[in-house]
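The following exercises concern the structure shown below.

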Amino acid sequence: MPRGSTLIRVRTDQLRAAMVAGLVSDGRIRSAAVQRAFRLVPRHLFLPDLPTAQAYQDEAVATKWVDGVAVSSASQPSMMAIMLEQLELRPGHRVLEIGAGTGYNAALMAQLVGPTGSVVAVDIDEDLVTGAAEHLVAAGGNGIVLATRDGALGYPEGAPFDRIVLTVGSWDIQPAWWRQLAPGGRLLLPLSVRGSQLSVALDLVPGPLPHLASVSVRSCAFVRLRGAGAGPDSSRPLGNTGLAVQAADERQPDPAELLKLLAAPTGPPRPSPVRMAAVDLWDGLGLWLAVREPHACRLLVTAAASDRVPSLLPVGVDGGTLALLDQRGLAVVVPCEPGGVRFDRRFPVAVRPYGPDGGAVADRLVDLLGGWVDAGRPSASALRLRAYPADVAPPPGPGVLVPKAHSQLLLDWPAP
């Protein structure tokens, strides 16, 4: 082998080793098996158009765009590690991946299930499947089945599967995934829960009332499923203001009425003893409010409008804030940080009232912020989720029921 080729290989090995060491240090990789898979599979061969050093950064990489919107990406390695740990793959497992992408995740899973297992990866775009096949050949991956399919339909000819994993965000749990999961199997998907996207590992529970029960929940952000399983857009733009509103599916605010309220602030912001972090827009308080409070919503802010509209993320970043909306009143969480919001720490917040009944709504929101703190600041990782088919009545008990088209989600946080 020429000396230059040897040096390049040493360099890529070092970059990969550094990436893996970082994932281990951050607690993303927890098992020896997942660590070994990341060490063996060269990510740069699945991103051939990217500089090698960039391929080993802990960053997601958009790989396909349609009308200016990313529709496929190479997931962030730390998120991939989290999901592989959630999957708990074992040698001999039969795996279906929905969203083949570059093929990198399929290659990692093939290492985990070994020669006695199998991996099928499907994608709705033929060009992505072709590219994944080329990448796998370059990386020496063998035995992975690739197919161009609508992921909502699964891969019935290979069922049942011990594991089904989605690497695209889904609004619902499709019936095909239930049918194609083996008894005792696990479904892992980025699931939309009232605006937040959660990586949920669900085990199939047998018995007189079969259902899926979560064993692990983490926050995430993935491009959305396309095709027959594409769900509704959870946000509605507020004219050309750079704002959008996101609320529970069963309660969509009127954008025009909301703009009228935003144009009518009523009194100074209500102080709050609660300190928040940027992540609490989606996880933490944002998720807790969306699940527990039917009148809660998010005001989403584009980066271009972030210097003019309150946001829980730094200026120049797409973000937003949390709000409570009634017919005649609106209350919005606003940061009170003189130096500006930062990603790396908590900051003080207040609640600003709008509209004729804004004061009462603001007082209610201040109380809710305090209730979240009193409950132990619950986040996605503590959430428990059970899923039932849409035509099956869940058993009575605690929890908030979130209806979907094909399933019903029963959500609850255990007492601290």
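**Exercise 1. State which residue stands opposite R384, and describe the strand pairing to which this position belongs.**

Solution. The model is a predicted one.
Step 1. The residue facing R384 is D412, which belongs to strand 19.
Step 2. Strand 17 and strand 19 (residues 407-412) are joined by six bridges and run antiparallel.
Step 3. Strand 17 comprises residues 384-389.

**Exercise 2. Give the strand order of the open sheet, and explain which strands stand at its edges.**

Solution. 
Step 1. The sheet has 10 strands in the order 5-4-3-6-7-8-9-17-19-18, and its pairing is mixed.
Step 2. Strand 5 and strand 18 (400-403) each have a single partner strand; they therefore stand at the edges, and one side of each has no neighbour in the sheet.
Step 3. On average, neighbouring strands of this sheet are turned by 20° against each other, direction ignored.

**Exercise 3. Trace the pairings of strand 9 with strand 8 and with strand 17.**

Solution. 
Step 1. Strand 9 (residues 211-219) pairs with strand 8 in the antiparallel sense over eight bridges.
Step 2. Within that pairing, S216 in strand 9 is the residue opposite A201.
Step 3. The hairpin of strand 8 and strand 9 has five residues between the strands, and G207 in this hairpin takes a positive phi near 125°.
Step 4. Strand 9 is also joined to strand 17 by two bridges, again in an antiparallel arrangement.
Step 5. Here A213 stands opposite R386 in strand 17.

**Exercise 4. Which strands does helix 5 touch, and how many of its residues are buried?**

Solution. 
Step 1. Helix 5 (residues 104-113) packs on the sheet and touches strand 3 (94-98), strand 4 (118-123) and strand 6.
Step 2. The direction of helix 5 makes about 165° with that of strand 4.
Step 3. Eight of the 10 residues of helix 5 are buried, so the helix is largely enclosed by the rest of the structure.
Step 4. These buried residues are Y104, N105, A106, A107, L108, M109, L112 and V113.
Step 5. After helix 5 comes G114, with a positive phi near 70°.

**Exercise 5. Characterise the packing of helix 2 with helix 5 by angle, handedness and composition.**

Solution. 
Step 1. The axes of helix 2 (residues 32-40) and helix 5 come within 9 Å and cross at roughly 130°.
Step 2. The two helices, helix 2 and helix 5, are therefore oblique to each other.
Step 3. The crossing of helix 2 past helix 5 is right-handed.
Step 4. Helix 2 contributes A33, V34, R36, A37, F38 and L40 to the contact, while helix 5 contributes Y104, L108, Q111 and L112.
Step 5. By class, the residues of the contact of helix 2 with helix 5 are eight nonpolar, one polar and one charged.

**Exercise 6. Carry out the corresponding analysis for helix 9 and helix 10.**

Solution. 
Step 1. Helix 9 (residues 285-292) packs with helix 10 at an angle of about 115°, and their axes are 11 Å apart.
Step 2. Helix 9 is therefore roughly perpendicular to helix 10.
Step 3. Helix 9 passes helix 10 in a right-handed crossing.
Step 4. L285, W288 and L289 of helix 9 meet L365, L368, L369, G371 and W372 of helix 10.
Step 5. The residues in the contact of helix 9 with helix 10 comprise seven nonpolar, one polar and no charged.

Conventions. Residues numbered from 1 in each chain as written. Predicted model: local features only at pLDDT ≥ 70, side-chain atom pairs only at ≥ 80, totals over all residues. Heavy atoms only, no water. Helix = DSSP H or I, 4+ residues; strand = E, 2+ residues; numbered from the N terminus. Pairing = 2+ DSSP bridges. Axes fitted to C-alpha atoms, helices over the stretch in contact; angles between N-to-C directions. Contact = heavy atoms within 4.5 Å. Parallel < 35°, antiparallel > 145°, perpendicular 65-115°, else oblique. Left-handed = near helix turned anticlockwise from the far one by under 90°. Nonpolar A, V, L, I, M, F, W, Y, C, P; charged D, E, K, R; others polar. Buried < 20%, exposed > 50% of the residue type's maximum accessible area, 1.4 Å probe, protein only.
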